[in-house]
Amino acid sequence: DLPPIANPLVIDAYTQPGSVVNTANSPLPLNNVINIGINAQGSSDSALGIISDDVTIKGISIYNCDICIYSSNANTSVVGNYIGLDPTGLSVGNALSGHGVKFATSGQHGSTIGTSIAADRNTIVSNIAVNIAENTSDIEVYGNYLGLGKDGITDFGIDQGIFVLFANDITIGGPATGQANVLSGSVTNQLVGVFSNGIVIQGNLIGTDHTGAVNPNIENGAG
């Protein structure tokens, strides 16, 4: 297992030769190329654990994880990644990961999962794609695919898209260009908020493909 990230750090795997950042605004299919992959091989620990403020994870494929990215600290930026997917962005590897991104504890605030900038969009496929919990606050989730592959159509039958529990001031999507998330392919729920305050959900495509249409290729959570 990799040691936790204990100091401010920027990991930008798009510096790897041959890697290409995405240029398509949400909700269009992504056109990025990721060449750095972390296969956690079913580890029961976090593939990338973050215990420092001011950490950016960008341009990495992380898959076959119990928890792919876990952060308990402030100002974490998760941008431009395939999470729970191999470097093709269209396969989960051996099996669905448990959690894609998990933010937890009161020390976790001011963080982002994607932004409205095309290059920062994530594709996240795990049983729980995004888990925001345990007094986390002030989190923005913009421009991502949750439950679908990078093509905006491939359905993996995850359990939950976004699960928010005991968290405050969480923004999921928005009206501006590039802020919409696409949440689809979830067997149980696309989005759940429990015992939380200040959750804003707007401008997202839920239960559809990237065009906003019900697609016969998406069998889970459609419509």
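**Note on the predicted model**

1. Start with Ala24. Not counting residues up to four places away in sequence, Ala24 touches Pro29, Asn31, Ala118 and Arg121, where contact means heavy atoms within 4.5 Å. Ala24 is found in the loop between strand 1 and strand 2; strands are DSSP runs of E with at least two residues, helices are runs of H or I with at least four, and both are numbered from the N terminus. Ala24 counts as buried because its relative accessibility is 10%. The classes are: buried under 20% relative accessible area, exposed over 50%, partly exposed in between, using a 1.4 Å probe and protein chains only. Ala24 and Val192 are 168 residues apart in sequence and 28 Å apart in space, C-alpha to C-alpha.

2. On the basis of the values: this is a predicted model, in which local features need pLDDT of at least 70, side-chain atom pairs count only at pLDDT 80 or more, and totals for chains, interfaces and linings use all residues. Residues are numbered from 1 along each chain as its sequence is written, and side-chain values use heavy atoms, with hydrogens and water left out.

3. The bond from Ser26 to Pro27 is cis, with omega near 10°. Pro27 is in the loop between strand 1 (9-12) and strand 2 (37-50).

4. Which side chain of opposite charge is nearest to Asp120? Lys58, 4.1 Å away. Asp120 is buried yet has no salt bridge; that term requires a side-chain nitrogen of Lys or Arg within 4 Å of a carboxyl oxygen of Asp or Glu. Lys and Arg count as positive, Asp and Glu as negative, while His and the chain ends are not counted. Asp120 lies in the loop between strand 8 and strand 9 (123-124). Leaving aside neighbours within four places in sequence, its contacts are Lys58, Val78, Val79, Gly80, Gly114 and Thr115.

5. Next, the aromatic rings. The count comes to one aromatic pair. Phe166 and Phe195 form that pair, stacked, at 5.2 Å centre to centre and 10° between the planes. Phe166 lies in the loop between strand 13 (158-165) and strand 14 (168-172), and Phe195 in the loop between strand 16 (186-194) and strand 17 (197-201), so the pair ties together parts that are 29 residues apart in sequence. Rings of Phe, Tyr and Trp (its six-membered ring) pair if their centres lie within 6.5 Å; planes under 30 degrees apart count as stacked, over 60 as edge-to-face and the rest as tilted. Phe166 is partly exposed at 43% relative accessibility. Phe195 is exposed, at 63%.

6. Two residues have a backbone angle to inspect. Phe166 has a positive phi of about 55° although it is not a glycine. Thr105 has a positive phi of about 85°, and it is not a glycine either. Thr105 sits in the loop between strand 7 (97-103) and strand 8 (109-113). Thr105 is partly exposed because its relative accessible area is 27%. Beyond neighbours within four places in sequence, Thr105 is in contact with Tyr70, Ser72, Ala133, Glu134, Asn135 and Thr136.

7. The largest nonpolar core has 39 residues, and Ile57, Ile62, Ile69, Ile124, Ile132 and Ile162 touch the most other members. Such a core is a set of buried Ala, Val, Leu, Ile, Met, Phe, Trp, Tyr and Cys residues joined through side-chain atoms within 4.5 Å. Ile57 touches, among others, Ile5, Ile11, Leu48, Ile50 and Ile69, not counting residues up to four places away in sequence. A second, separate core of five residues includes Leu30, Leu148, Val182 and Ile218.

8. Last, Thr188. This residue is found in strand 16. Thr188 is partly exposed, with a relative accessible area of 43%. Leaving aside neighbours within four places in sequence, Thr188 contacts Ile158, Asp159 and Gln160.
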